[in-house]
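Hi there,

Here is the structure I promised to pass on to you.

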Amino acid sequence: MSTETILYIILAGVVSIALAVFMYGYRSKQTGSLRWVFGILRFITLFSILLLIINPKFKSETYTIEKPKLPVLIDNSASIGELGQTENVSALLQKLKENNELNDKFDVSYYSFGNDFRESDSLSFEEKNTNISKALTSANELFKNQTAPTIVITDGNQTLGNDYEFSSATFENPIYPVILGDSIQYTDLKIEQLNTNRYAFLKNQFPVEVILTYSGTSPVNSEFVVSQGAATVYRTNVSFSENETSKTLNFTLNASNVGLQKYSAQILPLADEKNKTNNSKQFAVEVIDQATNVLVVSKITHPDLGALKKAITSNERRTVAFKKPAEAVSVLNDFQLVILYQPDRSFASVFAEIEKLNKNTWTISGLQTDWYFLNGTQDNFTKEASNASEDIQAELNSNYGTFVVEDIGFDDFPPLHTEFGALTISVPNEVMLAQTVSGIENGNPLLATMEINGKRDAIWDGEGFWRWRARSYLETESFQSFDDFIGNLVQYLASNKRRSRLEVSSETFYYNNNPIKISAQYFDKNYVFDNRASLNISVKNTETEKQTVFPMLLRNNYYEVDLNSLPAGEYNYTVSVANEAVSSSGNFTILDFNVEQQFLNADVSKLRRVAQNTNGKAFFATQGDLLINALVENTNFQNIEKSEQKVVPLVDWKYLLALIVLALAAEWFIRKYNGLV
């Protein structure tokens with residue numbers, strides 16, 4: 001409280017006493033004790049009111065004791081069960097929960113991880129992937145700037161995400177790995193990795209790369225075989241020794257039939273192998289008759305063109321060719337879609353040929369676009385030409401219904417550059433992305449699609465989207481979300497298939513350790529997306545004849561179902577709309593591959609390095625008591641006393657208001673009692 005405030009309070013006291021004395025000591029008609037009672041009550045009232053007017057501020061300080069945090073991260077993947085460690089995990093968790101010393105010293109919290117990281121309520125040990133890196137990164141973010149030694153109960157075998165040894169380098173707290181499994185080296189042959197394209201073209205050959213590994217000390221011989229049904233399509237002998245523990249095989253297979261072609265790869269097991277599951281792997285290739293050919297016409301060189309190529313060709317079913325305007329005219333008919341990047345007057349013959357051939361187009365404009373030419377050469381859209389530039393961002397139209405679009409974080413992407421001016425589309429269209437400036441829509445479309453008499457076109461008004469692809473990678477550690485967005489747009493624009501009221505999107509085959517999702521869009525009779533419909537998918541296993549019905553959930557502008565609960569096999573499906581005679585059918589195959597069954601033991605050496613690099617210590621699952629003692633006896637983990645200082649104004653002190661009311665009420669009742677009112 002400042003000196004000035006104290007002086008005001010003293011002055012308020014003096015004034016209150018003076019007024020009370022003047023009212024009840026000098027001019028009062030009462031005598032004796034009533035004069036004193038009324039004087040004191042009036043002083044209390046006046047002084048309290050003046051205090052409220054001055055409103056002094058008081059500081060209050062509270063102290064709390066904060067225990068260090070102890071997050072326990074538990075591997076909930078299927079490999080824990082495969083290694084026979086579920087009972088060890090249960091026994092260790094029981095020790096941690098029942099140890100009074102540990103729970104008195106630490107604020108213990110439990111989390112589980114597999115594909116994702118979440119608070120632990122129960123453990124199933126059925127998750128199909130292990131992402132230790134994500135678990136460590138999430139824990140590091142969750143307990144940022146806190147004392148939080150971290151227990152990680154795992155076998156150390158990661159199947160998804162970044163290398164967790166690298167991720168742990170930035171971990172702020174010591175990590176105490178609890179190793180599930182042993183370090184004994186068993187004799188084992190294994191298909192470490194099998195790489196092939198997802199698609200192949202009819203009557204072509206497609207490459208296959210296989211990495212085989214061996215654990216053991218004696219020289220061994222085996223045979224690697226690839227079969228399709230009962231037929232063997234590739235066979236070779238392989239040999240390993242203590243010094244030669246891996247081999248890479250590269251070969252090609254013939255794509256002789258259209259459709260899904262399933263194969264089985266196997267390295268014949270040794271007699272004394274403990275784990276024979278990792279000796280075989282199924283894979284598949286979808287053979288298609290022809291690719292979707294996309295032509296990019298551009299007079300300039302720009303990073304956007306590289307981003308386009310990468311995104312479009314991430315799907316092997318599509319090819320991209322780049323041509324200058326003069327070169328493109330003669331080959332337009334060889335392509336299903338023509339992308340016109342920043343056209344100017346040199347594109348005149350290209351536009352004339354496109355109109356003649358009725359080709360689908362995607363126009364991308366930017367700062368080097370000649371809008372005077374573009375406005376005059378086509379009738380779909382116009383823009384007020386100017387010499388000024390503008391930076392714009394994007395906002396997804398959640399009601400866009402032409403095809404499925406997932407929000408990949410458009411509003412957080414870097415701004416694009418475009419020419420300032422109003423963009424007007426003069427034909428029926430649907431805006432997918434709207435332009436925003438400083439978070440406010442400016443009324444112009446950034447990306448819109450048009451469909452007139454079966455011909456499909458799009459306008460994208462903004463250059464620099466290569467930064468979007470880069471930002472997408474920084475956010476998700478993958479280019480897939482951006483590439484899928486571009487791929488879906490290209491797929492729509494390159495097709496002339498008549499639009500249906502129920503559009504279903506699915507893959508021909510899935511691996512059962514990856515997400516198995518099918519999406520659909522349903523439109524009313526005016527081809528407007530209907531978000532009130534009830535969609536169901538009926539899935540039937542062709543071998544067992546078992547049929548299961550799943551509801552499809554609404555996700556912004558599409559419906560989706562996750563079928564990861566289905567076992568491997570071949571399935572037929574039908575998507576239907578409740579109370580409507582509209583349905584769509586298809587089929588897919590789920591290939592059996594459990595990556596969590598590929599391990600023989602724990603990755604002891606890596607977990608020990610993680611502990612050493614973070615100043616922690618590694619323990620085996622049977623050393624729970626040693627782990628607890630190490631944590632309890634470590635003097636670096638101490639309680640922290642925290643003080644919190646609050647500045648409270650007197651006007652917030654409700655007791656003073658109550659005192660004023662009480663003093664006034666008491667004076668009134670005393671006056672009433674004595675007949676003075």
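Tyr-341 has Ile-364, in strand 18, as its bridge partner. Please keep in mind as you read that this is a predicted model. Strand 17, residues 337-341, and strand 18 run parallel and are joined by 5 bridges.

Strand 17 also pairs with strand 15, again in the parallel sense and over 5 bridges.

As background, strands of a sheet pair through backbone hydrogen bonds, and the sense can be parallel or antiparallel.

Is strand 17 mostly covered or uncovered? It is mostly covered, with 5 of its 5 residues buried. Leu-337, Ile-339 and Tyr-341 point one way from the strand, while Val-338 and Leu-340 point the other way, and all are buried. In general, side chains in a regular strand alternate between the two faces of the sheet.

Strand 8 pairs with strand 14 (residues 280-288) in the parallel sense, over 3 bridges. One of the residues to look up is Tyr-199, whose bridge partner in strand 14 is Glu-286.

**Aromatic rings**

A pair of aromatic rings is described by how far apart the centres are and by the angle of the planes. Counting pairs whose ring centres lie within 6.5 Å, the total comes to 31 aromatic pairs. Tyr-111 and Phe-143 form one of them: it is edge-to-face, at 6.3 Å centre to centre with 80° between the planes. This pair links distant parts of the chain, since Tyr-111 is in strand 3 (residues 107-113) and Phe-143 is in the loop between helix 6 (132-142) and strand 5 (150-154), 32 residues apart. Tyr-111 counts as buried because its relative accessibility is 10%, and Phe-143 counts as buried at 8%.

Why is the pair of Tyr-573 and Phe-588 called tilted? The ring centres are 6.0 Å apart and the planes of Tyr-573 and Phe-588 are at 35°, so the pair is tilted. Tyr-573 in strand 33 (residues 569-577) and Phe-588 in strand 34 (residues 583-591) are 15 residues apart, and their pair links distant parts of the chain. Tyr-573 is buried at 6% relative accessibility, and Phe-588 is buried at 1%.

One aromatic cluster is formed by Trp-362, Phe-410, Phe-413, Trp-460, Phe-465, Trp-468, Phe-482 and Phe-485.

**Empty space**

Rolling a probe the size of a water molecule over the atoms shows where empty space is left. The structure holds 1 cavity of 30 Å³ or more. About 30 Å³ of space lies in the largest cavity, and the residues lining it include Ile-132, Leu-136, Tyr-164 and Val-610. Helix 6, strand 6 (175-179) and helix 14 (604-613) each give at least two residues to that lining.

The second largest pocket contains about 400 Å³ of space. It is lined by 16 residues, and those nearest its centre are Glu-355, Gln-378, Asp-379, Asn-380 and Lys-455. Helix 10 (348-357), strand 18 (360-365) and strand 25 (455-461) are the elements that give two or more residues to this pocket's lining.

Enjoy exploring it!

Best wishes

Note on methods
Residues are numbered from 1 along each chain as its sequence is written. This is a predicted model: local features need pLDDT of at least 70, side-chain atom pairs count only at pLDDT 80 or more; totals for chains, interfaces and linings use all residues. Side-chain values use heavy atoms; hydrogens and water are left out. Rings of Phe, Tyr and Trp (its six-membered ring) pair if their centres lie within 6.5 Å; planes under 30 degrees apart count as stacked, over 60 as edge-to-face and the rest as tilted. Helices (H or I, at least four residues) and strands (E, at least two) are DSSP runs, numbered from the N terminus. Buried means under 20% relative accessible area, exposed over 50%, partly exposed in between (1.4 Å probe, protein chains only). Two strands pair if DSSP finds at least two bridges between them. On a 1 Å grid over the protein atoms alone, a cavity is a set of points where a 1.4 Å probe fits but cannot get out, and a pocket is an open set with protein on both sides within 12 Å along at least five of seven lines; lining residues have an atom within 4 Å of a point. Grid points are joined across faces, edges and corners, and a volume is the space filled by probe spheres set on the points.
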